[in-house]
Structures are given as structure tokens and as C-alpha cells.
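Dear colleague,

Please find below the structure that I am handing over to you, with its sequence. My findings follow directly after it.

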Amino acid sequence: MKLIIATRNAHKLEEIRAIFDFQGLEVLSAFDFPELPDVEEDRDTFEGNAIKKAVEIARATRCWALADDSGLEVDALGGAPGVYSARYAGEPCSYEANNEKLLRELSGKEDRSARFRTVVALSDPGGSTQTVEGECCGVIIKELRGTNGFGYDPLFIPDGYSETFAELDAETKNRISHRARALRKAYAAWSDLLVGL
Ligand code: IMP
């Protein structure tokens with residue numbers, strides 16, 4: 001049984017492989033299929049993008065495929081940047097410019113609550129899908145802190161902690177993050193199905 005992970009992001013792949021590491025399952029990625037086109041993430045929900053990526057890769061490879069889509073939702077900004085998290089400050093995508101824009105948009109706002117969300121989609125070779133989701137709630141602080149991680153990590157303190165994601169070590173972040181939670185749910189929901197194929 002082959003499962004194709006619809007990503008060319010090496011960090012994501014490592015995180016997914018660590019969880020989906022069981023006998024009877026061969027985990028490949030978009031790196032193993034260089035001829036596959038990049039799937040455009042043009043849907044307006046995390047679920048829409050995750051499903052689109054999983055289905056396109058499943059149909060193209062005739063294998064089962066798993067894809068994820070994530071982002072940051074800030075309550076005082078009506079859920080922005082949301083699905084536009086990667087390109088919040090425009091193209092070319094820059095974590096630094098995105099963080100600056102987030103601080104600008106939130107300046108003077110009392111409510112700093114936010115959450116990271118991930119939707120993981122699984123598609124069978126014919127394009128039938130299932131999804132699970134994970135979230136990590138917290139607050140956006142007023143200045144960048146820490147150098148670990150990526151994206152909005154230096155501005156986000158998860159609930160129950162006093163450090164930002166960028167100050168926490170990778171092991172802690174990978175235990176409590178939106179992606180880790182969604183992937184653990186995906187494993188619980190789908191490992192029997194995948195290994196039984
Ligand atoms: P993706 O769908 O996982 O590629 O995430 C889209 C965008 O959301 C990224 O480019 C980041 O800006 C943001 N993002 C997603 N996950 C994280 C995270 O764990 N930390 C910080 N930013 C994240």
C-alpha cells in the first residue's frame with residue numbers, strides 16, 4: 001500500500017512521516033513524483049485547499065493521497081489572515097512582511113486571541129475524501145520573540161505557555177501544534193483503513 005503526501009515541504013513531510021510510520025504502508029511524497037504539477041491553493045477554506053491537493057495528487061498517481069492546509073485565524077481581524085496566511089502581505093511571500101502587517105493591523109486592538117488551524121484530507125485513488133482538523137489556541141503578542149520555527153511563530157503564544165512558538169523547542173511545538181493535533185487525529189481515524197487495503 002502506497003500513501004502519497006501531497007507536499008514538497010521537507011519539514012512537513014518529516015512530521016507526517018514520523019506519525020504515519022507503520023508496517024504495511026509505504027509513504028512517498030511529491031518529491032518522488034517530480035513530474036506532478038504544483039496544485040494551486042485557490043479555495044477559500046482550509047478544507048477546500050486540503051481536499052483539492054489530496055484529490056489532484058490521488059488522481060494523478062492512482063494512489064491514496066494525504067494533504068494538509070493550515071493558517072492563522074485572528075479574532076479581532078474577523079479570522080484573517082486565514083487561508084491567505086502565506087501571502088498576507090502580498091507576493092513574493094515573506095514571513096517578515098506578514099508579521100509586520102499582522103502587528104500593524106492589530107495595533108491598538110485589545111483582543112489578541114487567535115488560533116492556528118490545520119485541515120488534513122485523505123483521498124482514495126478515485127477522489128473520494130475524508131477530513132480531520134486540529135487547532136492550537138493562543139494570543140498574538142506585540143513584538144517578535146524567538147528564532148525557532150517559521151511563519152507567525154515569533155508572535156504566537158499558545159494557551160498554557162509563556163513562550164512563543166519560536167521560543168519553544170521543536171519537540172514541544174510538535175506535540176501541541178495544530179498540525180500535530182490534526183495528524184494524530186488523522187492517524188487515529190485512518191491507520192486501520194490504510195493498513196487494511
Ligand atoms: P501551510 O498551509 O501549512 O503551508 O501554511 C500556510 C501558512 O500559514 C504558512 O506560510 C505560515 O504563514 C502559516 N503557518 C502555518 N503553520 C504555521 C506554524 O506552525 N507556525 C507559523 N506559521 C504557520
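The residues in the shell around the ligand comprise four nonpolar, five polar and five charged ones. Please note that this is a predicted model, and that the values below are computed from it.

The ligand site

The ligand is surrounded by 14 residues, and the closest of these are Lys-12, Ser-70, Asp-153, Lys-173 and Arg-179. On its own the ligand would expose 480 Å², of which the protein buries 90%.

As to location, the ligand sits in the largest pocket. Two elements give two or more residues to the shell around the ligand, namely strand E3 (64-74) and helix H5 (178-195). Strand E3 provides the largest share, three residues.

Aromatic pairs

There are seven aromatic pairs in the structure. One of them joins Phe-20 and Tyr-187 in an edge-to-face arrangement, with 6.0 Å from centre to centre and 80° between the planes. Phe-20 belongs to the loop between helix H1 (10-19) and strand E2 (26-29), whereas Tyr-187 belongs to helix H5, so this pair ties together parts that are 167 residues apart in sequence.

Backbone geometry

Most residues other than glycine have a negative phi, and most peptide bonds are trans. Against that background, I would draw your attention to the following places in the backbone.

Which residues does a cis peptide bond with omega near 0° join? That bond runs from Ala-80 to Pro-81, and Pro-81 is placed in the loop between E3 and helix H3 (95-106). Another cis peptide bond links Glu-91 to Pro-92, with omega about -10°. Pro-92 likewise lies in the loop between E3 and H3.

Arg-62, a residue other than glycine, has a positive phi, near 60°. Arg-62 is located in the loop between helix H2 (46-61) and E3.

With kind regards

Technical notes. Residues are numbered from 1 along each chain as its sequence is written. This is a predicted model: local features need pLDDT of at least 70, side-chain atom pairs count only at pLDDT 80 or more; totals for chains, interfaces and linings use all residues. Side-chain values use heavy atoms; hydrogens and water are left out. A residue is near a molecule or strand if one of its heavy atoms lies within 4 Å of it. Accessible areas come from the Shrake-Rupley method with a 1.4 Å probe; for residues, only the protein chains shown count as cover. On a 1 Å grid over the protein atoms alone, a cavity is a set of points where a 1.4 Å probe fits but cannot get out, and a pocket is an open set with protein on both sides within 12 Å along at least five of seven lines; lining residues have an atom within 4 Å of a point. A molecule sits in a cavity or pocket if more than half of its atoms lie within 2 Å of its grid points. Helices (H or I, at least four residues) and strands (E, at least two) are DSSP runs, numbered from the N terminus. Ala, Val, Leu, Ile, Met, Phe, Trp, Tyr, Cys and Pro count as nonpolar, Asp, Glu, Lys and Arg as charged, and the others, Gly among them, as polar. Rings of Phe, Tyr and Trp (its six-membered ring) pair if their centres lie within 6.5 Å; planes under 30 degrees apart count as stacked, over 60 as edge-to-face and the rest as tilted.
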